[in-house]
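Below are some notes on the backbone and packing of this model.

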Amino acid sequence: MIFTLATGLWLLNQAPDDSVTEATQEIQVPHKPAQALPLLASEQPLPRASSGLITVHAHPAATRAEVTLVQPADLPYPIRLEKFYRADSNGDEQLMETVEMVGNRLMARFSPVKLADGTVETALSAMGAELGRQLDTRGLHVVNFSPEDPATLPMLLASLSELSGQTIFAEPDYIVRILESPNDPRYLDGSLWGLRNTGQQGGMAGADVNAQSAWEVRSDAATVIVGIVDTGIRLTHEDLVANLWVNPNEISDGTDTDGNGFVDDIHGINAITMNGNPNDDHGHGTHCAGTVGAVGDNGIGVVGVAWNVQLMALKFMSSGGGGATSDAITCIQYGIDNGAHILSNSWGGTFFSQALYDSLKDALEAGVIIVAASGNFTSNNDITSIFPASLPLDNIVSVASTTRTDALSNFSNFGQGSVEIAAPGSDILSTGFESDSSYVIKSGTSMAAPHVAGAFGIVKRRVSGRYLVSAY
Ligand SMILES: [Ca+2]
Ligand SMILES: [Ca+2]
Ligand SMILES: [Ca+2]
């Protein structure tokens, strides 16, 4: 693993290499273009990173950078796009890289002492910014500002990092995305080969997670809570509803009964809207939830790796399949605070976030297992990191994807030192979000990670890891 712990200052974020950037383009889910209104554009030439800073990132080979603010229809915040171009030998411009971050906020960890005595708020006010929502109890906050000037975000980051004794780090609030692969052939009648493969549909017998054997040991994980950090869950789905986690301290009455900041968070939260409605408007999260824990032995639909588990819906990505790192952190902290044992994360990005690292370290200290998709770039995570899968924390399990012939899926990332396990991820049938009886097939390391999260659900109550080993 080449990853080294950065000090967290935004200037230390590394741009990925070109090949990864191209692969990134392939998996990006576009925002709804009809509503993606460019509000500003600037074409200042590089060099940057001195005075007159325009871009947060730097691309050493770029000849031109462009900053655009777009307002997607599916998100309440604008997205800032930093595009880096290079002129080829014909003089034609090639897009080398696009970096996405929230346009009107950033994340910063402040000294709790300086937060408490008001110093931080005064300093932010002088910069034209304001302290936003708290992300943890040790000084991590969102910082809100008006995005009209493209230089504001880089200038704020620079100014904050110079606030000696007040700011511990400041960084952009990067957009991360689902790790579903759009290109794989779909089998409309696809069976649950990932759970039991007898060689059907050209598969290889035994190329599965050996769920049959594991289920003979224990399919009931009724006391285990698995948080699905994703696009939400269809809360009324016939094969999920019985396995949804229920907040014991909340009732549905239009108020925040348990005083945790979320109104009627019965089954989880929506961190985009900061309320208790994590219903899925994309489908990705519902699919992942079904793989972890669709109800077993109920005579309908599919069956999760864990038949009887508590699924906590933690929504931070929108109908476009993307979301903000700060909102993911809100979901992770909610999971930790509400007793989740496992958090399933079928999403990622290529930029290191100190705030995300800190949040997952909180999970480690609380004994929460983090299962993370390794990415669909066909690249080596030992060389190019994907976050959160590549973060160097002992509780993170990075998952690659396999096919029904037990081969690595053609899209799957890999890495001897940075990917821990492979699980079925090509052509996976699971619950759909379109209706309460919808079942669909999806592919990606997004689909592999929940197999592992479900397996952890089964073994969570065992004393040793013996049955996990036998299941894989
Ligand atoms: Ca509440
Ligand atoms: Ca309530
Ligand atoms: Ca079922």
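1. Pro-388 sits in the loop between strand S14 (369-373) and strand S15 (396-402). Strands here are DSSP runs of E with at least two residues, helices are runs of H or I with at least four residues, and both are numbered from the N terminus.

2. This is a predicted model, in which local features need pLDDT of at least 70 and side-chain atom pairs count only at pLDDT 80 or more, while totals for chains, interfaces and linings use all residues. Residues are numbered from 1 along each chain as its sequence is written, and chains are lettered from A and ligands numbered from 1 in the order in which they are written.

3. Asp-406 is in the loop between S15 and strand S16 (421-424). Its phi is positive, about 70 degrees, although Asp-406 is not a glycine. Asp-406 counts as partly exposed because it has 15 C-beta neighbours inside 10 Å. The scale is this: a residue is buried if 20 or more other C-beta atoms lie within 10 Å of its own, exposed if 12 or fewer, and partly exposed in between, with C-beta atoms placed from the backbone.

4. Asp-427 also has a positive phi without being a glycine, at about 60 degrees. The residue belongs to the loop between S16 and strand S17 (428-431). Is Asp-427 buried or exposed? With 22 C-beta neighbours inside 10 Å, Asp-427 counts as buried.

5. Strand S4 (residues 93-110) has 13 of its 18 residues buried, so S4 is largely enclosed by the rest of the structure. Strand S3 (residues 79-87) runs antiparallel to S4 and is joined to it by nine bridges; two strands pair if DSSP finds at least two bridges between them. Leu-81 has Glu-100 in S4 as its bridge partner. S3 and S4 form a hairpin with five residues between them, and in the turn Gly-91 has a positive phi of about 85 degrees.

6. Six bridges connect S4 with strand S7 (residues 167-178), where Pro-172 is the bridge partner of Leu-106. Strand S6 (residues 140-145) is joined to S4 by five bridges, again antiparallel, and Asn-144 in S6 stands opposite Arg-105.

7. The axes of H6 and helix H9 (residues 445-459) come within 7 Å and cross at roughly 35 degrees. These axes are lines fitted to C-alpha atoms over the stretch in contact, and angles run from 0 to 180 degrees between N-to-C directions. In H6, His-284, Cys-288, Thr-291, Val-292 and Gly-293 meet residues of H9 including Met-447, Pro-450 and His-451; contact requires C-beta atoms, placed from the backbone, to lie within 7 Å. The residues of this contact divide into five nonpolar, seven polar and no charged. Ala, Val, Leu, Ile, Met, Phe, Trp, Tyr, Cys and Pro count as nonpolar, Asp, Glu, Lys and Arg as charged, and the others, Gly among them, as polar.

8. Asp-297 lies in the loop between H6 and strand S10 (308-315). Asp-297 counts as exposed because it has 9 C-beta neighbours inside 10 Å. Trp-307 is ten residues from Asp-297 in sequence and 7.6 Å from it in space, C-alpha to C-alpha.

Terms used: Contact = placed C-beta atoms within 7 Å.
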